[in-house]
Structures are given as structure tokens and as C-alpha cells.
Amino acid sequence: MSLKNLLFSFLVFCYTSSFSQMVLNRDTTLNISENNTTFNSAFSGGINSGQFSEVDLNLDGIMDLIVFDKSGNKISPFINDNGNYIYAPKYRNNFPKVHDWMLMADYNCDGKNDIYTYSSGGMAIYENTSTTSLSFSLVTSLVLSNYGSNNLNIYISPVDIPAIADVDYDGDLDILTFSILGGFVEYHKNMAMELTGSCDTVAFEFSESCWGLFYEGLNSYILNCPNCQCPPIINPNNSNSKQKHAGSTLLAFDIDNDNDMDLVLGDVSYNNLNLLINGGDNQNALMVSVDSVFPQNHSNTIAANMHVYPASYYLDVTNDGIKDLIVTTNSQNNSENFESCWLYENSGQNNNPDFNFVQTNFMQSDMIDLGTSSFPTFYDYNNDNLLDLVIGNYGYHDANNNPISSLALFENIGTPTTTEYDLIDRDWQGISTINLNTNLNIPALNLSPTFGDLDGDNDKDMILGDADGKLHYFSNQAGNFTITAPNYNNIDIGYYSQPQLVDVDRDGLLDIIIGEQDGSINYCPNSGTTTTAIFDTIIKNWGGIDVDTNFISTGYSSPKLIDSNGIYQLFVGSFSGTIYQFTNIDGNLTGQFTPVNSTVSTIWDGGKCAFAFADINNDNNPEMILGNLSGGIAYFSSDTLLNDTTATYLTNSTADNFTIYPNPASDRLIITSNSYGTVSVKNLLGYTVIMKEKRNNQLKINTSKLANGIYIVELNKSIQKLIIK
């Protein structure tokens, strides 16, 4: 490497390791490609268990798309731009916090879709109150139904999906849901039109305890059950007994154009959808047939075949005015992740559909989706002085129910100032085939990478954390990583280790901090040498940190210790997706760290978040890649000129803040602050070109002799970028 490149790399390293202020803007403009194809919506965040609805986000009269991911309770809004769906996360803040399931339909007939969502063993409704901007207002936190003697909540399980449809064709939306005992579908009739002549009332009546006169028991059906009396389902393992209902998804619409609601039903333990045809009418439903390979027989297409617990949604996503069928999984933890959104395009009519299978990864093919969970870190794998990106995951779905965990390598194919990534390997170093789990002699799950030189040979080695709480050491051999020590130093922190190699005590040796499932952080000081690392001590509950402890015992802490202008700050990802910030670390390694109520906590892109900071475009400000439970990533840049972004400012409160102006400058520069000390102006080779003592609140510097370009202004280790032109 030339002296120039060496000095440049050193300066970049210094300023990517020490940040005085981070101005983070959500940015979707960074290009990422794979196999010579650029992702249209790379940072949409992945989908594991998507639930699809329509709503007009930007109030332009065109229905946009909402994807609620049951895995992580994540709302992902997409603007419909002439048939192209553009990720628009800024609208996420317009929605209330919801969980388990969310459907959108127009409850009060005002032309605006409202929110139906799970609430306390039942359902809440939020009215769409949008006028000049998207907004929602709670109508009721628990929808009640008149059971005759009293009003009780309509029971809806958090693992079910109810059907919301105008069952009796009177103009208001009714509810179909499985009873609390399971097996029979209850019909709760909306009485708004009967009572007021308008939809704008929440008034339900328990109308039928076995709507359609059928019984469902674990993907088996008994039809024609008058008075809710059915012959038993014969099961070879438990004869003469009905099967207990464990979870089902419902979709009601008129599929045969006879003015009554038919039913598409998925079961929690099975992979198929069942179509139940209503042979009655819209006042007296009677299911007369069951098609267990829907929509194959109905439309001469392939049957839905989701690995577990399919759910179906009926909405227009091809922008032709005709509703299409989307099949996903309603399984929160065992989904087909990156291929879990099947699209069937409807070439027929809404009430007489002709479904044609299109793809298994609708929307997902346009975004970075690495399966379940994503754990990013920056690492220059090819020594070209451009920071590449390595992302671990919990795993890709496998048909045999054995997730495949791996590392994805994104090569930085841009320039020192313009970053661009190419996803060149989804199983980098073949980690998915290495039996890191030495107890079972199988590959490990939940791979979280970190890099650092542990053997003093001037290249970075790799440590992987896994789901069993272990660490695995890979030595760097000319760019290839060789497993040197599985179960490294017998470190076992419990479950779901999230390591970072960092010199915690500033003694010149890399230590390890490790997040874990319970939300605490472990500290392993390095008692070895620069050539032989020794980790023989685990300090648990480091800093007294336990993220998400106020509402859950499994915080899934993911720590990053960052040198901010010579002072350590600790950022910790969590199960909830909140990023926590802590200070009071230097000189207090055995004490309690101080939580900071920082705006970093406003950054959110899904549950089980993990992240990486680095200056990847040499602007002397850090960028952030944020991973989530859905296997996607978000990008936050430090480009303050971006439009339509979410800005977050992260400032070290103990640093010396100062202001420089004008910037860009030509012949003079003015520096103002309450701090005194030495001011240095350095070029990008690291050379000091101007040095002045600041003894007053304002210092003027003559810059007329400086060549045009970018410089770094430093005062007491705080830095600012200066442009001369």
C-alpha cells in the first residue's frame, strides 16, 4: 500500500472510530444489487409473516399497500406509484401500535379503510380520521357483542385471523370468528344499519354459534350440523372425539357469484387452504363442499402449499381494478420467511375469480430478505479500503424444518465517496455446512459476526455468536477463514450470543462484549497478548444493563461500543426493536452505566434489532445498517441534504461542541464555542495545515491559502467537516 493510501486509510479509520456527532437520516437511495439486478426496494425490511391490507396513505385517492408482519409486529407502508410499490416508512408513525394481527376495512362506510386489530382476547377498531394527512383515532379498545343477557367481547384468538365482511349484504361489516372452544364459526352481526340506518356505529349481535353449519377439527370438516350438532370426527389416534381447535385463518368473499359468502380457511398445523362453498344464501349460510387444494381446482392453477399455517388475503395488488389472492403464513416463528408471500393474479372478476399463480416471493423479491433475523457488521474483506458488509441471520427456511444459518457478503463496488453494494454470496465461507454445534454435530443457528485481529498478524479474524450462547473463532488465512476454535474458550453466556470485538479497557488488546437473550451484556476482558488472546473471565450484567426489562424477560441485547470523540458510548439493540444508549463507561467498567434518553431510541425498523456503525463514504460522519427479525435491513446515512427522510441526531453530551462558518468557506473561517484549546485543520492525508490556539469564544482563521477540497477541523478531539471552494 502506498504512503498516501496508508495515511488516508488511517485518517478514515480514526474518524470512523471516533464520532463527535451522528446525524442519521433514513435513506433508501443506496444501491444494492444481486446477480446484476438492482433491488427496487432494498431497504423495505424483509417479510416473515405478512398480513396484507389496502389504505390510501398519501390521500391521493389511490389505494396503497400495508404489510403488517406478525413476526416483530412491524407495519410496512408502500405507496402505489403508477402500479409500482414504493417503500414509505415515514407513514409508519401515523399508525397506532398494534400486535398479533391487523386488517384494514371501512367500518363506517366513509370510503376510508379503518384498522381492525387484536386486543385483549378480542378486537379493537381505529377509525381512519384522515383529512389533510393520514391519521387514526381509537373507536373502541374491545368490540362487544350482544349475547342476549349481556354484552361480552367478541372472542378472537391472537393466533387466529377473523373474517371481516358484509355477510348479510346489508351494507355494514360483520365478523366471523372461531368460538373460544373452537370448531364452530361464530357469526356476529353488525346492527349499525338496523339501529341507525348508518354504518357509523359499533353495535354487534351474537347471531349464530355455528355459521354455515359446519365443524372444523384440525383440517378436517363435518358439514351439515343442524343446531350445531355434528357426528364425531373419526381420528385413528383418538376415535369418537372432536379435535380441539388450535388456530385458523378465515377469508370470506363470494367466489361463485351467488350473493353469499364462501369461506377460505387455513389451519395452524397444515400447509393447505380449504375452500368451503356456501350452498345456502346470505341470510342462512350452509357449507356444502370442501376443496382442500384451493385454488387449484377452482382456477386450474397450483394449490397453495405454505409450510405451516397458511392465511389468505383478497385485494388488488396488480392495479387492474380486480382483487388478487395473496397467500402467506400466519406462523410467527416458523415461516417460509424470504418466500412466504404467494401471489395469485386474478384474471377474472371479484365475484368470479380466475386465479393464476405468479410467484412465491411477492414484494420480497424487490427487497433484501435474508430469511429470519439479520445481524450486520462492516468488514473490508478484499482489502480495497472500501468497507464491505457481512450480515448473519437466524436462518433461511428449510422444508425439513431445519433452518439454514449463514453469512451474506455484500461487496462494496463503489468508490471512497459513493457507496454501492453487490450481494455476491448468501453463504459466505460456507458457514452453513460447518458443524459448529459440537454437541449435536450439526451447524449452528443465529450467526452473529464480529471481526478483529486476535493473533497479531495484521489481518482481522472472525468471531461468530450463535443461538446456544457459544462463540466460534475463525482465523484469517489470506482472506479465507478457517475454524480454529469452535466453542471458543468455552465461553457460554446462555442463549443467543451477540458479540463485538472492541478494546473496552483501552489497553491495546481486543476484548469481547456479548449480548444475550435475557437482555443483559457480558464483558470478557482479554488477559493475553497481541498475538495470543486469552478470555478466561466473563463479567455478567456488565454496566447493570438489562434492555426491555420493563415489559419482557427476553431482551435479546445486541451491543455496539462506539468511541465517540475519545469517549465510549454504548448502543444496544433489543427484542422490541428499540435502540438504547448508555454513557459513563470510561473509568467505570465495574460500575453502573448511565442510560441516555437519546433520539436514537426513535429509530425503529422491526423487532430483534441489530446494527453496525461506520463511515462508509468518507464524509467523516457515520452511517448505520439496521437489521431486524424479518431478515431485512434499513440504511441510515449522514447526508443531511436528503429529502423525505427521518433524521436522528446522536450527540456525545461530554464532547466539546463548536460551530464553524461559513461552510463552504473561501478566505476565512470563524469558529465559535465556549471551549478553549488548540484548533487543528487537517487535510484528508492527515496532515495538519493550520494550527491555532482558541482563547476566546470566537476564533477567526485565514483560509485563503488552502486549496479547494475537504478538510477536518478539530477542537479538543471534537471534529467538523470543512469545505474550501
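Which residue of S6 is the bridge partner of leucine 65? In S6, that partner is phenylalanine 78. Before we get to the rest, keep in mind that this is a predicted model: local features need pLDDT of at least 70, side-chain atom pairs count only at pLDDT 80 or more, and totals for chains, interfaces and linings use all residues. Residues are numbered from 1 along each chain as its sequence is written, and side-chain values use heavy atoms, with hydrogens and water left out.

**The whole chain**

- The protein chain has three helices and 53 strands; helices (H or I, at least four residues) and strands (E, at least two) are DSSP runs, numbered from the N terminus.
- A compact globule of 725 residues would have a radius of gyration near 27 Å, and the protein chain agrees with that at 29 Å. This radius is taken over C-alpha atoms, and the globule rule is 2.2 Å times the number of residues to the power 0.38.
- Along the principal axes, the C-alpha atoms fill a box of roughly 90 × 60 × 50 Å.
- Of the 725 residues, 57% are buried (buried means under 20% relative accessible area, exposed over 50%, partly exposed in between, with a 1.4 Å probe and protein chains only).
- Take the contacts with a separation of 6 or more: 51% of them are between residues 24 or more positions apart. Contact here means heavy atoms within 4.5 Å.

**The nonpolar cores**

- The largest nonpolar core has 33 residues, and Phe52, Leu65, Tyr116, Phe362 and Met363 have the most contacts inside it. A nonpolar core is a set of buried Ala, Val, Leu, Ile, Met, Phe, Trp, Tyr and Cys residues joined through side-chain atoms within 4.5 Å.
- Strands that each supply at least two residues of this core include S5 (64-69), S9 (114-119) and S24 (310-315). S24 gives the most, with three residues.
- Phenylalanine 52 has contacts beyond its neighbours within four places in sequence, among them Leu65, Val67, Tyr313, Phe362 and Met363.

- Strand S4 (residues 50-55) pairs with S5 in the antiparallel sense over six bridges (two strands pair if DSSP finds at least two bridges between them). The bridge partner of phenylalanine 52 in S5 is valine 67.
- S5 also pairs with strand S6 (residues 74-81), again antiparallel, over five bridges.
- The hairpin of S5 and S6 has four residues between the strands, and glycine 72 takes a positive phi near 100 degrees there.

- Three bridges join strand S40 (residues 567-573) to strand S41 (residues 580-583), with valine 572 opposite tyrosine 580 in S41.

- Asparagine 128 lies in strand S10 and counts as buried at 3% relative accessibility.
- The side chain of asparagine 128 reaches the backbone oxygen of asparagine 113 at 3.0 Å, and a polar contact of 2.6 Å joins the side chains of asparagine 128 and serine 130. A polar contact is a pair of N or O atoms within 3.5 Å; within protein, one must be able to donate a hydrogen and the other to accept it, and residues adjacent in sequence count only if both atoms are side-chain atoms.
- Serine 475, in strand S34 (residues 471-477), is buried with a relative accessible area of 7%. Its side chain makes a polar contact of 2.9 Å with the side chain of threonine 484.
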